[in-house]
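Good morning, colleagues. Please look at the sequence and the structure on the screen before I turn to helix packing and charged pairs.

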Amino acid sequence: MARELDEKDFAILRKLAPEYSGVLCPESGHEFHSILPPVSNHIAEDEEDFAERVGRLSDEDWGYLTDQILSGREDLGCMPEEDIETILVRIREAVSEEAAERVQRLYHLSGCGLL
């Protein structure tokens, strides 16, 4: 079932991509159903740009996103490894090492087709 982004999600998206005002994924024309993958895959110019963008988020934002990832509502499966590593660093700093390890396991399991 596709996730419907709420106002908190859009507030985080505005921090990550203030220049982007739409709700449609630039490449597919479909509405966003996650926050981090479209920023990684379609909005950020490269790995460094993505790292700068996610560095704008507060610890509270990372707590929320981590909860969304671990509950399966924020899907990271289509993101490149280098951006996942950037996310894991931020989760370690803002949330905990344990949460980062859980997100990493989830990402690898989804990449293996086990989820």
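The structure holds 8 salt bridges, a salt bridge being a side-chain nitrogen of Lys or Arg within 4 Å of a carboxyl oxygen of Asp or Glu. This is a predicted model, in which local features need pLDDT of at least 70 and side-chain atom pairs count only at pLDDT 80 or more, while totals for chains, interfaces and linings use all residues. Residues are numbered from 1 along each chain as its sequence is written, and side-chain values use heavy atoms, with hydrogens and water left out.

Let me begin with one pair. Glu60 and Lys8 meet through their side chains in a salt bridge, at 3.4 Å from N to O. This pair links distant parts of the chain, with Glu60 in helix H4 and Lys8 in helix H1, 52 residues apart. Helices here are DSSP runs (H or I, at least four residues), numbered from the N terminus. Glu60 counts as exposed because its relative accessibility is 59%, whereas Lys8 is partly exposed at 30%. Buried means under 20% relative accessible area, exposed over 50%, and partly exposed in between, with a 1.4 Å probe and protein chains only.

How do the two helices pack? The axes of H1 (residues 7-16) and H4 (residues 59-70) come within 11 Å and cross at roughly 125°. That makes H1 oblique to H4, since angles under 35 degrees count as roughly parallel, over 145 as roughly antiparallel, 65 to 115 as roughly perpendicular and the rest as oblique. Axes are lines fitted to C-alpha atoms, for helices over the stretch in contact, and angles run from 0 to 180 degrees between N-to-C directions.

Which residues make the contact of H1 with H4? H1 contributes Lys8, Asp9, Ile12 and Lys15, and H4 contributes Glu60, Asp61, Tyr64 and Leu65, where contact means heavy atoms within 4.5 Å.

I now turn to a second pair. The side chains of Arg53 and Glu19 meet in a salt bridge at 2.8 Å, N to O. Arg53 lies in helix H3 (residues 47-54) and Glu19 in the loop between H1 and helix H2 (36-43), 34 residues apart. Arg53 is buried, with a relative accessible area of 6%.

Finally, Arg56 forms a salt bridge with Glu52, with the closest N and O atoms 2.7 Å apart. Arg56 is partly exposed at 34%, and Glu52 is partly exposed at 42%. Salt bridges that share partners also join Glu19, Asp49 and Arg53 into one network.
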